[in-house]
Amino acid sequence: MPDTSLLALYGGTFDPIHYGHLKSVEALARLVKLKSVTIMPNNVPPHRPQPKASSEQRKEMIELAIAGNPLFILDDRELTRTTPSWTVETLELLRAELGPKQPLAFIIGQDSLLSLHRWHRWETLLTLCHLLVTQRPGYPLTMETPEQQAWLAQNVTDSVETLHQQPAGKVFLAQTPLYDISATTIRHRLENNQPCDDLLPPDVLAFILQHGLYR
């Protein structure tokens, strides 16, 4: 029989990838019983400043960060695009590849959940996948408007089994540890020659220093 366990996708700029990304998703994987997580860096994020590191450099930093960790897989398809990376379009392509029955999830942080209504065709997302939400420090746990809160209440689940049995349609609010680490903080520290050893994997930091990134 084919393996139809829940597939999870983790998108982002990863400029650079750091422990806030890795450790929160590792905790999520344990909670949701994920066999693997596919990291998919985006090339041209539509609604945020452009990455400081090149696509190739961000890809290399991810490869260094996940080397030897069997949980993570890298999918670099978005880095070959020259157009903006709309999450919904990538998920439509994946859904077409996987078929209608494969359980599929997209991992986001609490900050992204709160701004989800600003995403391109956001109403379509739950027709394509589940949303797995990791906690982020400093962000409220309720949506901005009663309408958005009602949408969340209608779609939220605390059942891991449901995530593995249904192909899409649910929001899972994961009780993951809070990691107060951001790529912005790391870039600021590097600009000011401050240490970052506790914020990202040693091989990633060595790569950044070797290539003079974020200076």
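Predicted model: local features only at pLDDT ≥ 70, side-chain atom pairs only at ≥ 80, totals over all residues.
What covers the buried residues of α9?

**First stop: helix α9**

Select residues 202–211, which form helix α9, and colour Val 204, Leu 205, Phe 207 and Ile 208, the buried residues of this helix. Turn the view until you look down the axis of α9: the buried residues fall within an arc of 160 degrees, so they line one face of the helix. Now show whatever lies against that face, and you will find that the cover includes α2 (55–66) and α8. On the face of α9 turned away from the buried side, select Pro 202 and Gln 210, both of which are exposed. Before leaving, step on to Gly 212, which follows α9 and has a positive phi, near 60 degrees.

**Second stop: helix α3**

Select residues 87–98 next, the 12 residues of helix α3, which reaches 16 Å from its first C-alpha to its last, close to the 16 Å expected at 1.5 Å a residue. Within α3, colour Val 88, Thr 90, Leu 91, Leu 94 and Arg 95, which are buried. Looking down the axis of α3, you will see these buried residues within an arc of 155 degrees, so they line one face of the helix. On the other side of α3, Ala 96 and Glu 97 are exposed. If you then display the surroundings of the buried face, the elements that the buried residues of α3 pack against are the strands β1 (7–12), β2 (37–41) and β4 (104–109), together with the helix α5 (125–128). Just after α3 comes Gly 99, which takes a positive phi of about 90 degrees.

Show the aromatic side chains now, among which the structure holds three aromatic pairs. Begin with Phe 106 and Trp 119, whose ring centres are 6.4 Å apart and whose planes stand at 80 degrees, so the pair is edge-to-face. Phe 106 belongs to strand β4, whereas Trp 119 lies in the loop between α4 (110–114) and α5, so the pair ties together parts that are 13 residues apart in sequence. Both Phe 106 and Trp 119 are buried.

Move on to Trp 122 and Trp 151, where the ring centres are 5.2 Å apart and the planes are at 75 degrees, so this pair too is edge-to-face. Here the pair links distant parts of the chain, 29 residues apart, with Trp 122 in the loop between α4 and α5 and Trp 151 in helix α6 (residues 146–155). Trp 122 and Trp 151 are both buried.

A ring also takes part in another kind of arrangement, which you can see by selecting Tyr 19 and Lys 23: the charged end of Lys 23 sits over the ring of Tyr 19, 4.7 Å from its centre.

Is Thr 176 buried or exposed? Select Thr 176 in the loop between β7 (171–173) and α8 (183–191); with a relative accessibility of 2%, Thr 176 counts as buried. Leaving out residues up to four places away in sequence, Thr 176 touches Ser 24, Ala 27, Leu 28, Leu 31, Thr 134 and Gln 135. A distance drawn between the C-alpha atoms of Arg 30 and Thr 176 gives 9.8 Å, although the two are 146 residues apart in sequence.

Thr 142 is found in the loop between β5 (130–134) and α6, and Thr 142 is partly exposed, with a relative accessible area of 48%. Apart from neighbours within four places in sequence, Thr 142 is in contact with Leu 114 and Gln 149. Thr 185 stands 43 residues from Thr 142 along the chain, and their C-alpha atoms are separated by 25 Å.

**Last stop: two cysteines**

Finish by selecting Cys 129, which counts as buried at 0% relative accessibility, and Cys 196, which is also buried, with a relative accessible area of 2%. How many disulfides does the structure hold? The structure holds zero.

Terms used
Residues numbered from 1 in each chain as written. Heavy atoms only, no water. Disulfide = S-S within 2.5 Å. Buried < 20%, exposed > 50% of the residue type's maximum accessible area, 1.4 Å probe, protein only. Helix = DSSP H or I, 4+ residues; strand = E, 2+ residues; numbered from the N terminus. Expected span 1.5 Å × (residues − 1). Arc of directions from axis to C-beta. Contact = heavy atoms within 4.5 Å. Phe/Tyr/Trp six-rings, centres within 6.5 Å; stacked < 30°, edge-to-face > 60°. Lys NZ or Arg CZ within 6 Å of the ring centre and 35° of its normal.
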